[in-house]
Structure formats: C-alpha cells, structure tokens
Amino acid sequence: MDTYSLHLAMAALFGASFVAVSAYYMHRKTLNQLLEFAKAIERDKDDFAAEEVDGDAAEQLKKYPSRRRRKGTGGYNPRGSASLPDVTTFSGAGGGDVEDKRNGPVRVDSIPAGLPRLHTLPEGKSSNLSSTPRAGHLMRPTSPKSPVASASAFESLEGSDDEDNMTDTAKLDTAYLHTNGNANLPDHITANGEQKSMATPSMIRSHSVSGDLHGVQPDPVAADILRKEPEHETFVRLRISPSEIPSPDEVEVYRAVQDCLELRKSYVFKEADAPWEKEIISDPSTPKPIQNPFDYTPEGKSDHYFQMEDGVAHVYANKDSKENLFPVADATTFFTDLHYILKVIAAGNIRTLSHHRLVLLEQKFNLHLMLNADREFLAQKSAPHRDFYNVRKVDTHVHHSACMNQKHLLRFIKSKLRKEPDEVVIFRDGTYLTLKEVFESLDLTGYDLNVDLLDVHADKSTFHRFDKFNLKYNPCGQSRLREIFLKQDNLIQGRFLGELTKQVFTDLSASKYQMAEYRISIYGRKMSEWDQLASWIVNNDLYSENVVWLIQLPRLYNVYKEMGIVTSFQNILDNIFLPLFEVTVNPDSHPQLHLFLKQVVGLDLVDDESKPERRPTKHMPTPDQWTNIFNPAFSYYAYYCYANLYTLNKLRESKGMTTIKFRPHSGEAGDIDHLAATFLTAHNIAHGINLRKSPVLQYLYYLAQIGLAMSPLSNNSLFLDYHRNPFPMFFLRGLNVSLSTDDPLQIHLTKEPLVEEYSIAASVWKLSSCDLCEIARNSVYQSGFSHALKSHWVGKEYYKHGPDGNDIHKTNVPHIRLEFRDMIWREEMQQVYLGKTNFPKFIDP
C-alpha cells in the first residue's frame with residue numbers, strides 16, 4: 001500500500017471517530033435536558049398544589065406561565081406548535097394527579113379554573129381538536145371559500161379590506177335578538193345570544209382518520225350540512241314581523257290593497273282544471289319528443305256560434321241560443337276598476353306604507369343572507385351534478401326577428417350570396433331582382449360585408465330613440481335586406497328566415513339547458529296573416545323541444561289608418577281574433593293554424609310606450625266608433641285584447657285545447673297607467689322597470705307574484721342606464737323576476753346571449769350562484785312550456801308553494817332560500833289580510 005492510500009485511510013478513521021464522539025455527547029446533553037424538564041414539571045406541580053392549599057390558586061395561575069422559562073431548561077419551549085394548547089400549562093393548573101412518564105406524553109385530566117372546558121374525544125375516536133365557537137360564529141357560519149359572511153350579495157363595505165374591522169359579531173347578533181324579539185335559533189344558542197354546553201360529538205366534526213393534531217379543523221356548521229341530504233337543510237329563520245295591532249289608518253290601507261288583489265283575481269283567466277290535475281306525472285323523466293308535430297288529424301266541428309259585439313267576441317252554444325257562454329267584464333266596468341287602482345296608487349298614506357313594507361322586505365333578505373349565505377352555498381355543493389350551467393333557464397322575452405347575433409346573420413348572408421347568388425328574392429320598382437343584383441344595386445360584394453357595415457347593433461344613438469332602434473332591424477340600413485332575410489311574408493315565402501331560424505334552434509338544442517319563447521308578429525292588417533304565418537311554420541318544419549311561440553301585436557292603428565288599410569279599430573280586432581275563433585270552433589277550416597296554435601303560449605302587445613297618450617275615461621268609444629286617426633291608449637288596447645283572449649281561452653278550454661296567456665310589454669317607459677292595466681289583466685309582463693316609480697304597484701306586483709321578464713341590457717340601450725336598473729332591488733324584495741335577452745341581434749355579442757345576460761348581471765350586481773339559479777328557476781315558472789317539461793326541469797311537484805315544490809337536484813336552488821321566500825310572502829299576506837288569509841294550495845298555472 002502506498003503512502004497516499006495510508007494517509008487517506010487514517011484521515012477517514014479519525015473523522016469517523018470524531019463524529020461518533022460528538023454524537024455521543026450531543027445525545028447525552030439532550031437526555032439531560034429532558035430529565036431536567038421532567039423534574040421541572042414535577043416541582044411546578046408540587047409548588048402549585050401547596051399554594052392552592054393556602055388559598056392562593058388564582059394568584060399562582062397568573063404567575064404560572066412565567067415558570068416555564070427556568071434556567072434549568074435552557075430556554076427550551078415545550079410547546080410543539082403555536083396553534084396547539086400549552087400542555088404544561090394545562091397539566092400544572094389542574095391540581096389533580098398527573099402520571100409522570102419521562103419519555104411519553106403527559107395526560108391532561110383537568111383544566112385551570114376560569115378557562116373553558118377542554119372537550120376530549122372518547123377512546124378510539126379521532127383526536128382532532130376543535131375549540132367551542134362563539135355564538136356569533138354560529139349565527140354567521142363561514143366556509144373555507146368565504147371566511148367572512150358578506151352582508152349582502154349586492155353591497156360591500158367601503159373597501160373589502162375593511163371587513164376585518166367589523167363589530168364583534170356576537171354583540172351584533174345579541175343586539176339583533178333583543179331588538180327583534182323571537183328569531184328561531186339553534187338549540188345551542190340561548191335567547192340572549194349565549195351558548196349552551198353541547199355534547200362533544202355534535203361540536204367536533206372530524207373528517208380525519210389519522211388523528212393529525214396539525215390538520216385544519218372543519219367548520220361544525222359546514223360539516224353538519226355536508227353530512228346531510230340537501231333536502232334536510234336547517235337554517236336560521238327570521239321572526240321579525242311586528243306583533244302589535246295595526247292602527248286604524250293602516251287597517252284602511254290594507255283593506256284598499258286587499259280590494260286591488262281581489263280585483264285582479266276577478267279578471268285574470270284561470271284554468272278550471274290545472275295541468276297537474278289533467279295529467280298526473282309519477283315519473284318525471286325526460287318526456288319523449290313528438291315525432292311528427294305537424295301531422296294533422298281531422299277533428300269535428302262544434303255547434304258553437306260567435307260574433308263580435310262592442311269589440312268583444314260573444315260565444316253561444318249554437319246559432320239560435322241567446323245566452324253568452326263566457327261573459328267577461330265590459331269596458332265600462334274595466335275602466336272604472338282601472339281608475340280605482342290609479343286612485344289607490346296615488347294615495348299618500350298607501351304610498352308611505354307600501355314603501356316601508358318594501359324596504360322591510362329588502363332588509364329581511366339582507367339579514368337572511370348574513371345568517372344563511374354560507375349554508376346555501378354548502379347546500380349547493382352537496383347537490384350532485386347540478387350547477388348554474390346545467391339548470392334549465394328560459395329566455396322569457398326575445399323577439400324572433402332578432403333571435404340571432406349579428407355575426408350569425410353576417411355569416412348567413414355571406415353564405416347565401418356565395419351559394420345562391422341567382423335566386424330571385426325581391427320585386428322592386430316593377431322588376432324582379434336576384435340576390436346578386438340586390439347587392440350590386442347597393443354597390444356591395446360579399447367581401448365588403450363585415451359586422452360594422454351590417455350596422456344592426458344598438459349604440460349611443462338609440463338611447464331614448466325607439467325609432468332609431470327599430471331602424472337597426474335593417475341590415476346595412478336597407479329595408480330590402482330586412483325583407484329578404486328577416487321577413488316570412490316575402491317573394492321567397494320566408495325561406496331564408498326559416499333556414500336561419502333552424503340554425504338558431506340547432507344552437508339551442510346543442511346547449512340543452514337553454515330554452516326560448518320567441519315572439520313573432522301578427523299586425524292585424526288582414527285576416528290571412530294567421531294562415532300565412534302558420535303555413536310558414538309548418539312548411540319550414542320549425543319545431544324544437546326548446547322553443548315555444550308568443551304572438552306580438554304592434555300597436556300601430558294610427559299608421560294603418562293613415563295608409564287607408566283600416567277604417568276603425570274594430571277592423572284590427574276582427575283581423576286578429578276572428579280567425580282564432582274560427583279555427584277553435586272548426587279546426588278543419590285552418591288545419592295548419594290549428595297545429596301552430598298548439599305551440600303558441602302567449603299574446604303580447606308591443607311598441608314604443610314612451611309616446612304620450614290621453615288617459616281613458618270610464619265611457620270610451622267602442623272599437624267600431626273609433627274612427628279617428630289617433631292611436632288608442634295602451635289600456636284601451638290591453639282591455640280589448642284581454643277580453644277577447646279571455647273568451648277564446650274559455651272556449652278552447654271547453655274543447656280540451658291549449659290556452660294562450662296574456663303577457664304584454666308593460667312598464668318599459670311611459671305612463672304608470674300601463675302597469676295598472678296589466679296588473680288587472682296580464683298573467684305576467686315584459687320589462688316592468690317603471691315599477692320603481694310606484695311603490696304601491698310594486699308592492700301589489702310582489703303580493704300577486706306577477707312575473708317580470710326583465711332585460712337590463714336592452715333597457716341600457718333604450719331607456720335606462722344599467723347601473724340604475726331596478727332588477728337587483730326587485731330581486732332582493734322578492735318580486736318574481738327573470739332575465740331575458742329581448743333583442744340579441746341588436747344587443748348581444750356572443751353565441752349564447754342568455755348566458756351573456758346572466759353573466760353581466762352576476763358581475764355587476766355580485767349575484768351568487770344561488771341567486772342565478774333562483775332567477776333561472778323563476779324563468780321556468782314564468783314560461784309557457786308544458787306541465788310535463790316543467791315537472792322534468794323543476795321537480796314533479798313544482799306546482800306546490802315553497803320548498804315542497806322544489807327539487808334541488810334539478811334546480812340547484814337550496815330549500816333554505818325557497819323556504820325563506822315562501823315564509824316572508826306568507827307573513828306579508830297575513831299582514832295585508834289582517835290575519836285572515838286563505839292561502840291557495842298550489843301556484844297559479
């Protein structure tokens with residue numbers, strides 16, 4: 001072996017020896033420290049026990065923590081973690097026997113006086129620890145996602161960083177309890193907001209099997225909810241309605257509100273047999289699609305006879321009968337009742353009380369969110385599969401001519417110009433023109449076209465300019481392009497619009513969870529319009545499980561009168577309603593119209609509501625006497641449409657046919673009279689933003705739960721800035737609101753305009769997932785889809801009030817939210833009816 005190898009071996013031996021000696025001395029020093037530590041604990045125990053005999057236990061408890069820092073321990077801190085209790089402190093303060101195990105754990109048998117009891121787990125259970133939460137924490141549960149429960153889904157503090165400086169929640173909740181009396185609290189909270197002692201297993205919800213003391217301790221409320229099925233949720237219920245007897249002035253106000261509600265009940269059409277009574281569904285599985293929706297089966301003609309009298313159709317059993325089978329309130333009665341409604345909503349004392357009640361409703365919901373927002377969130381998490389994206393949502397207000405977005409229309413126009421340039425599409429100035437010739441006359445090519453040139457999108461120029469907004473229906477500003485691509489009554493019999501509509505249907509079917517109710521126009525210029533529309537629907541095979549139709553009637557009598565198309569208002573009523581009565585009495589007379597009406601669920605009134613008009617009097621001219629050039633008031637249109645539709649529905653119901661609801665545009669702009677008229681006559685309405693101007697009408701719409709299909713983005717383009725829209729306020733107060741698109745062609749930018757509407761509303765107004773799902777659920781209720789589909793989308797008992805009609809596995813809306821809504825509405829109805837309310841068993845169909 002050479003010298004170098006020998007030296008290397010000696011160096012290695014010396015190094016190993018040095019390390020071994022160092023390790024020995026370090027181990028010995030550590031053992032000495034542990035022995036000193038154990039002796040120190042025993043001395044502390046003896047000292048504390050001796051002082052306790054002398055009666056100085058309290059003083060010793062104050063001095064005791066400093067005794068850990070003895071010189072013998074070398075400053076060693078025996079606590080294993082800053083987040084765990086100091087075992088030495090607890091062991092020394094008990095005064096009881098302590099088993100001394102030199103190298104093992106120290107068992108804790110008691111706790112110092114004045115400290116909360118340390119809950120221990122039974123033997124064999126998980127050793128996770130959980131300190132007892134304060135009463136305030138139980139009143140305001142938190143989840144890992146939201147450590148601080150927000151005061152409202154729509155409001156935040158001045159700067160989110162200030163939330164950490166909120167007033168102590170225990171004091172706040174106690175003050176609330178003393179102020180408002182009798183909130184139903186959990187069993188472990190007393191009436192003073194103090195906490196009762198609870199059994200250990202109910203407080204410590206451990207999901208740990210290993211017993212790791214350093215694991216994150218689960219929130220007891222969260223664990224409790226997650227352990228349960230969604231339909232077994234519990235929450236903090238509010239009981240803050242005043243118990244004192246209303247004053248005589250308040251009683252007078254409530255009786256006036258009662259009268260208004262009873263008037264509405266006497267007017268609105270209600271089916272004699274509800275859909276769930278006619279068709280009982282035990283298994284709400286996906287309904288089978290109709291294979292051949294346009295196959296006609298001949299049906300017999302009934303003996304019914306009808307005729308127009310003073311603008312309203314009267315139906316008789318046969319031609320010789322003199323008894324009107326389906327009487328309806330006459331015009332004089334209606335306008336008298338309308339003036340009574342207008343008198344009520346103008347009364348100062350009723351306005352004041354209604355405002356106070358609405359503000360109270362809003363604050364109740366805010367308080368509900370503070371107490372239960374996290375419970376709602378956890379209940380949604382426990383519902384499998386469902387979230388906002390795969391719950392059913394219905395676009396309850398969208399016009400068919402604008403149902404596509406601008407990019408879709410542009411692609412379609414370019415496609416037709418490329419594939420069918422020689423198709424004869426229009427007759428203008430005595431000449432038939434092909435599609436290519438039309439664009440050549442406009443000095444345009446397919447390459448020139450883009451979204452900006454199409455110019456169908458609403459912009460700043462349309463605000464408060466309904467006329468300019470309507471011009472946006474003309475692609476490239478040309479009415480001839482609108483006639484070719486967006487009309488069904490043209491030279492090509494609406495083939496292009498039919499193909500475009502089918503593409504939109506395909507997009508809806510692909511999304512699966514989005515539905516639409518398209519509004520399509522009948523103008524009332526001639527009776528043949530109904531057959532032309534039905535023929536277009538049937539010939540183009542326009543049917544989708546995701547779509548139903550509404551008929552919209554533009555209020556354009558003055559235009560037709562000036563053009564000489566009609567001579568009186570009666571002509572318009574005849575052109576609109578007589579074909580419907582004909583096809584109802586004898587379906588064989590209009591077979592295509594009979595098939596189309598099976599898909600029609602509503603009748604709408606549309607046009608610019610901001611136009612000035614004179615308020616109708618109690619004695620208005622009849623429709624055949626209305627021969628002047630002025631357009632009748634909105635309420636005049638509303639009554640005659642309502643009255644004829646009421647009679648038609650009674651006739652169709654008697655023959656087992658589908659009925660048509662009255663669902664007009666109302667309250668988008670103009671006079672408050674519009675909303676008063678639709679309160680009496682309409683099933684639900686579109687827009688309704690002017691309810692913010694009348695607290696009484698807003699309160700009445702809440703009590704009657706009239707559906708509002710609101711379109712904030714559309715309002716932003718026409719009449720009301722987005723940040724001023726009352727939608728979030730209406731939602732807070734509990735009005736029956738849904739979101740809709742109105743005109744995707746002019747307003748929206750994405751392929752899914754309804755989701756875009758929800759997305760912007762959620763971002764601007766801070767809507768939670770629960771809020772969005774509740775709004776989507778409202779849209780299904782407001783829609784005219786069949787009983788079988790609603791059973792599948794919402795739950796087989798959807799027609800019941802409150803949580804009984806909800807299935808969280810289908811709607812993703814927690815029972816907590818619906819039980820709160822139903823409870824508050826019932827309390828409000830009891831308040832209005834002075835404790836004598838007869839609640840209906842089921843919702844209005």
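The legends below describe close-up views of a predicted model.

**View 1**
Five strands, in the order 3-6-7-8-9, form an open sheet with parallel pairing. Its edges are strand 3 (393-399) and strand 9 (661-662), each of which pairs on one side only.

**View 1. Strand 3 beside strand 6, with K393 and its ring partner.**
Strand 3 and strand 6 (residues 514-521) run parallel and are joined by 5 bridges. Within this pairing, K393 has Q514 of strand 6 as its bridge partner. K393 also lies over the face of F388, with a distance of 4.8 Å from the ring centre.

Strand 8 (residues 600-606) is mostly covered, with 7 of its 7 residues buried. Strand 7 (residues 547-554) pairs with strand 8 in the parallel sense over 6 bridges, and the bridge partner of L550 in strand 8 is G602. Strand 8 also runs parallel to strand 9, to which 2 bridges join it. Here L603 stands opposite F662 of strand 9. In a regular strand, side chains alternate between the two faces of the sheet.

**View 2. The crossover from strand 8 to strand 9.**
A right-handed β-α-β unit is made by strand 8, helix 22 (residues 634-654) and strand 9. The two strands of this unit are also direct neighbours in the sheet order 3-6-7-8-9, and 2 bridges join strand 8 to strand 9.

**View 3. Helix 11 and its bend at N372.**
Helix 11 spans residues 348-382 and has 35 residues. From its first C-alpha to its last, helix 11 reaches 48 Å, close to the 51 Å expected at 1.5 Å a residue. At N372, helix 11 bends by about 65°. An α-helix has 3.6 residues a turn, so residues three or four places apart point the same way.

**View 4. The aromatic pair F785 and W793.**
A search of the whole structure finds 37 aromatic pairs. One of them is edge-to-face, because the rings of F785 and W793 have their planes at 65°, an angle over the 60 degrees required for that class. The centres of these two rings lie 5.1 Å apart. Both F785 and W793 are buried.

**View 5. R821 over the ring of F731.**
The charged end of R821 sits over the ring of F731, at 4.9 Å from the centre of that ring.

Definitions and conventions:
Residues are numbered from 1 along each chain as its sequence is written. This is a predicted model: local features need pLDDT of at least 70, side-chain atom pairs count only at pLDDT 80 or more; totals for chains, interfaces and linings use all residues. Side-chain values use heavy atoms; hydrogens and water are left out. Helices (H or I, at least four residues) and strands (E, at least two) are DSSP runs, numbered from the N terminus. The expected span of a helix is 1.5 Å times one less than its number of residues. The bend at a residue is the angle between axes fitted to the seven residues ending there and the seven starting there. Rings of Phe, Tyr and Trp (its six-membered ring) pair if their centres lie within 6.5 Å; planes under 30 degrees apart count as stacked, over 60 as edge-to-face and the rest as tilted. Buried means under 20% relative accessible area, exposed over 50%, partly exposed in between (1.4 Å probe, protein chains only). A charge sits over a ring if NZ of Lys or CZ of Arg is within 6 Å of the ring centre and within 35 degrees of the ring normal. Two strands pair if DSSP finds at least two bridges between them. A crossover is right-handed if, with the strands pointing away from the viewer, the path from the first strand over the helix to the second runs clockwise.
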